[in-house]
Amino acid sequence: MPSRRTVLAATAGLTAAATLSLSGTARADDRRLRALIARMSVEEKAGQLFVTRVYGHSATDPDPADAEANLRELGVRSAAELIDRYHVGGIIYFTWAHNTRDPLQTADLSNGIQRASLRRPRGLPVLISTDQEHGIVARVGAPATLFPGAMAVGAGGSRADARTLGRIAGRELRAMGIRQNYSPVADVNVDPANPVIGVRSFGAVPEAVAGFVDAEIRGYRSAGVAATAKHFPGHGDTAVDSHFGFPVVTHSRQVWEELDAVPFRAAIAAGVDSIMTAHLLMPALDSAGGDPATLSRPVVTGLLRERLGYDGVVVTDALDMAGVRTKYGDDRVPVLALKAGVDQLLNPPKLDVAFDAVVRAVREGELTRARLDESVLRILRLKSRLGLFADPYVSRAGVRRTVGAPAHLAAADRIAERTTTLLVNEGPLLPLSPRRHRRLLVVGADPASPTGTTGPPTSVLAAAFDELGFTATPLSTGTAPSAAVIERAVARAGEADAVVAATYEVTADSAQRTLVERLLATGRPTVAVAVRNPYDVARLPQVRAYLAAYSWTDVELRAAARVIAGVVPPHGRLPVPVRRADDPTRTLYPVGHGLTY
């Protein structure tokens with residue numbers, strides 16, 4: 001691995017900038033950074049604003065299929081060519097782009113990206129980012145440590161756990177060369193039907209969400225990773241997914257102040273390094289243009305920067321999402337985002353179009369050079385604070401020592417055990433005993449793993465029960481079991497002492513309801529586990545024992561199995577209310593509900 005001296009030499013004469021992390025004051029740092037910016041071309045400055053995807057496990061030698069995908073979407077074959085052409089300041093890792101096959105490969109990719117950038121004249125380190133929220137959104141999989149998601153952490157009720165999550169997750173990301181994480185979610189989820197946030201939120205109580213946001217940010221900062229609070233001004237009360245449509249939030253200004261703003265104020269007080277905007281309209285905050293918040297100067301500059309006093313990096317949500325593309329073309333969106341006050345432009349659908357549009361807007365005077373320099377300075381400040389100028393490289397030894405360390409995995413299991421929420425336990429039916437219920441049938445939905453490295457849920461649950469002394473048989477019945485599948489499950493239940501059913505987003509007409517009702521009719525003790533939204537329980541009121549796991553990843557499923565078996569008592573408390581299915585105006589289980597034994 002290159003030494004620090006090698007790294008400094010690779011910056012091609014930018015010694016003053018490279019030693020920023022060793023300088024005495026922020027003012028001195030800014031002077032050096034401004035001098036650096038003064039020597040940059042318009043194209044180099046524009047490139048620093050972009051954070052883009054790139055396919056491949058290697059910066060210079062991606063697999064042929066990934067090289068073809070890069071050519072098709074980006075006009076280059078590799079990450080190295082991407083940097084040469086567009087001078088990009090950031091790259092975002094995705095599982096589907098084959099950036100995160102395993103921790104050592106990910107670290108090698110990060111080093112390759114840094115080498116490709118630093119070997120260029122006036123080359124700068126690249127800020128590598130990802131979406132590692134944990135729970136149902138994660139881009140880096142096992143053997144890295146995977147934690148429960150935000151709503152599960154909210155159910156656990158421990159801010160210390162949230163801080164531990166940020167610290168450990170941050171250390172592992174940094175070890176792989178990832179220094180900006182698009183987490184935590186600061187949205188207050190008050191709509192049970194929210195199709196895009198849901199269990200990604202810490203809960204429905206703004207003060208509680210704020211506490212967890214604060215703690216997780218401080219954990220990431222202690223690990224030297226930039227946390228990102230999202231999605232400003234608040235995405236917790238939407239019935240439309242901004243990936244596919246344009247949400248409109250009808251909160252009044254007062255409701256926004258009392259609900260949505262609270263966690264973002266906490267994030268700013270905690271020193272959050274970046275805040276992500278949302279592609280939604282909140283008319284009470286900007287009644288004039290009808291533009292999404294990402295493109296709204298009253299929201300980004302007037303509200304976030306001037307009213308809330310935030311002067312850190314503002315990053316857009318992905319610019320390939322429908323919510324920001326319904327009104328303007330792909331050439332206008334990045335320019336309008338910058339005019340609104342944004343700094344980083346995340347994953348535009350057509351990088352060449354977006355890049356050329358920004359350069360043209362500067363050359364033609366629509367964007368002033370001062371405005372461009374302002375965002376570049378914020379981005380370079382962040383890179384400096386993260387130590388990228390001092391040493392952007394990582395070592396394989398550091399990966400082996402840090403990523404998926406036994407102590408980290410044990411911490412994730414302990415945190416998960418405090419999150420499982422027992423909603424119903426009539427009889428009481430739970431805990432199950434290997435002596436009375438040795439033969440278990442585990443049925444239910446098997447949604448795809450967020451990272452491709454965990455699951456399937458029924459098999460994970462069955463294996464966890466086997467380790468606890470049961471003899472468990474998994475049977476995947478899916479999210480929409482057919483009549484034949486239901487009959488097969490009922491027949492298998494007749495051979496079991498008890499049944500565990502994993503439910504996933506049960507609706508009024510869901511075949512999952514029929515499956516569970518038929519299993520209950522067998523007379524076999526039946527336990528249901530909601531492996532995503534806790535609201536499933538309202539659709540199946542006849543179930544005598546129902547738990548909420550908040551996600552279908554291994555760490556949460558193993559914890560649920562231990563609770564069902566009585567190895568650990570349930571500790572979780574609902575961080576959101578569950579309303580009655582037959583009358584949504586009435587609460588079935590309030591915030592704070594949770595049983596134990």
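**A guided tour of the predicted model**

Begin by selecting F50, Y86 and F355, which together form one aromatic cluster.

**Aromatic pairs**

Across the whole structure, a search finds 9 aromatic pairs. For one of them, select F232 and W256, whose rings are arranged edge-to-face, with 6.1 Å from centre to centre and 90° between the planes. This pair links distant parts of the chain, since F232 belongs to strand β5 (residues 228-232) and W256 to helix α11 (residues 253-269), the two being 24 residues apart. Colour these two residues by accessibility and you will find that F232, at 1% relative accessibility, counts as buried, and that W256, at 0%, counts as buried as well. Next select F465 and F470, an edge-to-face pair with 5.6 Å between the ring centres and 80° between the planes; F465 is buried, and F470 is too.

**The sheet around β5**

Return now to β5 and show the strands beside it. Three strands make up an open sheet in the order β5-β6-β7, with parallel pairing. Which strands stand at the edges? They are β5 and β7 (313-315), and because each has a single partner strand, one side of each is left without a neighbour in the sheet. On average, and ignoring direction, neighbouring strands of this sheet are turned by 25° against each other.

Looking at the pairing itself, β5 and strand β6 (residues 274-277) run in the parallel sense over 4 bridges, and if you select K230 you can follow its bridge to M276 in β6.

H231 has its place in strand β5.

Move on to strand β10 (residues 439-444), which is mostly covered, with 5 of its 6 residues buried. In the loop between β9 (421-425) and β10 you will find P431, and the peptide bond leading from L430 to P431 is cis, with omega near 5°.

**Two histidines with positive phi**

Most residues other than glycine have a negative phi, and the next two selections depart from that pattern. H87, in the loop between α6 (79-86) and β2 (90-93), has a phi near 55°, and with a relative accessible area of 15% H87 is buried. H134 lies in the loop between β3 (127-130) and α8 (150-156), and has a positive phi of about 75° although it is not a glycine. Is H134 buried or exposed? H134 is buried, because its relative accessible area is 3%, and the cut-off for buried is under 20%.

**The largest cavity**

Finally, go back to H87, which is one of the residues lining the largest cavity. The structure holds 9 cavities of 30 Å³ or more, and about 80 Å³ of space lies in the largest. To display its lining, select M40, E44, Q48, I83, H87, V88, S117, R120, R122, G123 and L124.

Notes. Residues numbered from 1 in each chain as written. Predicted model: local features only at pLDDT ≥ 70, side-chain atom pairs only at ≥ 80, totals over all residues. Heavy atoms only, no water. Phe/Tyr/Trp six-rings, centres within 6.5 Å; stacked < 30°, edge-to-face > 60°. Buried < 20%, exposed > 50% of the residue type's maximum accessible area, 1.4 Å probe, protein only. Pairing = 2+ DSSP bridges. Axes fitted to C-alpha atoms, helices over the stretch in contact; angles between N-to-C directions. 1 Å grid on protein atoms, 1.4 Å probe; cavity = no way out; pocket = protein on both sides within 12 Å on 5 of 7 lines; lining within 4 Å. Points joined across faces, edges and corners; volume = space filled by probe spheres on them.
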